[in-house]
Amino acid sequence: METTSGQPALDPSQLQNDRLEGVHQDWRHAVHMYQPCEGLCINCINGRPGSKWAFRAEGPPAFSVNILLEGRMQAAFDDGAVLDARAGSTILMATGQHTSGWDVLDGKSEGAFRMLSIHLEQTAMASLTGLQMNDLRRRIGTAAGDQPHIDAFLGVMPASSSLQRVACDLLGFNCNRPGPCLSRDLFLRAKAFEAIACFLRENLEQQRDELPVPTDRQRLIEARALLENSFDQDWSVHSLARTVGLNEKRLQSGFHALYGHSVHVCLTRIRIEAAINLLRRGTSVTETAATVGFGHLSHFSRVFRSHTGISPKQCALGLSPILQSPLVGGSGQTLQR
């Protein structure tokens, strides 16, 4: 672990674009910090700093979701276990007391570093969701991040395609207009709340309570992760069921109970969201279709239009898609975008 001597402690609730004195010089071009409303801070890091940035961090009770798209980071509370996160991870922090610790952001060995951090003070989180920190930590589906020596949780889990899409939207946003800006603040708040909604939908344990076969839960989660991480493969219900060790009927019924739709609909949605991100980054329509697992360009175009209301070419030119199918929650209920 690198030393943090000379680096001041950072309180996320105090971060502002005009107060970057606590940010390492190599990282200042990559860091954009916003506070669109009281209790909410958004930190966007997007660049190639070419170095590591180690710093102390402290703050009052809070909830943070950090989506790491590129790079690597380590973090720990004082006297706690070290968390090591790589690209494609979501890092959750939930504290019920004032805490302190350290972070090391690695923009050297991995090249580019891209991470979105959404930080909500405890009172703001409770007002938004009705959840206190103890409720939240108790209902997260893993205890791996519990900190027995303090009232806190620090854990890492895979970042879903939905979370990665929201992170890309915010990391691509850059508005340094000084002073109040209603449209900027509304956009930032909406995207931050969308990310929190996605995270809670995907990770709160209570939203998995209606599974007809509880012993299948972990295998269903593994099946969804396979689709998220290998959407370019030619998955079928048969091949996915065999990979996770379920029969096809239990896999399909489990997907409907846990995610509210079939394996095919789930995979199609993941592919379309990945395609949107690729097209926005300048990837050609033909290459995008092949990358996300479509063997025929015409089929890809039809499916893309049916889910977004626009063609892949229009998306590549900057027209915003409107996803037609509902965003489905773990309980089988639907949330409209």
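## Cores and helix packing

In this predicted model, the largest nonpolar core holds 37 residues. Those with the most contacts inside it are I42, F63, I67, L116, M125, L136 and F199. Helix α4 (residues 182-203) supplies the largest share of this core, seven residues. Another core lies apart from it and has 31 residues, among them F255, I276, A289 and V292. In soluble globular proteins, nonpolar side chains tend to be buried together.

| Helix pair | Axis approach | Crossing angle |
|---|---|---|
| α3 (residues 161-171) and α8 (residues 263-280) | within 10 Å | roughly 20° |
| α8 and α10 (residues 297-308) | within 10 Å | roughly 95° |

Take α3 and α8. Their axes cross at roughly 20°. Angles under 35 degrees count as roughly parallel, so α3 is roughly parallel to α8. The crossing of α3 past α8 is left-handed. On the α3 side, S161, S162, R165, C168 and D169 make the contact. They meet I270, E273, N277 and R280 of α8. By class, the residues of this contact are two nonpolar, three polar and four charged.

Now α8 and α10. Their axes cross at roughly 95°. The range from 65 to 115 degrees counts as roughly perpendicular, and α8 and α10 are therefore roughly perpendicular to each other. From α8 come T268, I272, A275, I276 and L279. From α10 come F300, V303, F304, H307 and T308. This contact of α8 with α10 has seven nonpolar and three polar residues, with no charged residues.

Methods: Residues are numbered from 1 along each chain as its sequence is written. This is a predicted model: local features need pLDDT of at least 70, side-chain atom pairs count only at pLDDT 80 or more; totals for chains, interfaces and linings use all residues. Side-chain values use heavy atoms; hydrogens and water are left out. Axes are lines fitted to C-alpha atoms, for helices over the stretch in contact, and angles run from 0 to 180 degrees between N-to-C directions. Helices (H or I, at least four residues) and strands (E, at least two) are DSSP runs, numbered from the N terminus. Angles under 35 degrees count as roughly parallel, over 145 as roughly antiparallel, 65 to 115 as roughly perpendicular and the rest as oblique. A crossing is left-handed if the near helix is turned anticlockwise from the far one by less than a right angle, and right-handed if clockwise. Contact means heavy atoms within 4.5 Å. Ala, Val, Leu, Ile, Met, Phe, Trp, Tyr, Cys and Pro count as nonpolar, Asp, Glu, Lys and Arg as charged, and the others, Gly among them, as polar. A nonpolar core is a set of buried Ala, Val, Leu, Ile, Met, Phe, Trp, Tyr and Cys residues joined through side-chain atoms within 4.5 Å. Buried means under 20% relative accessible area, exposed over 50%, partly exposed in between (1.4 Å probe, protein chains only).
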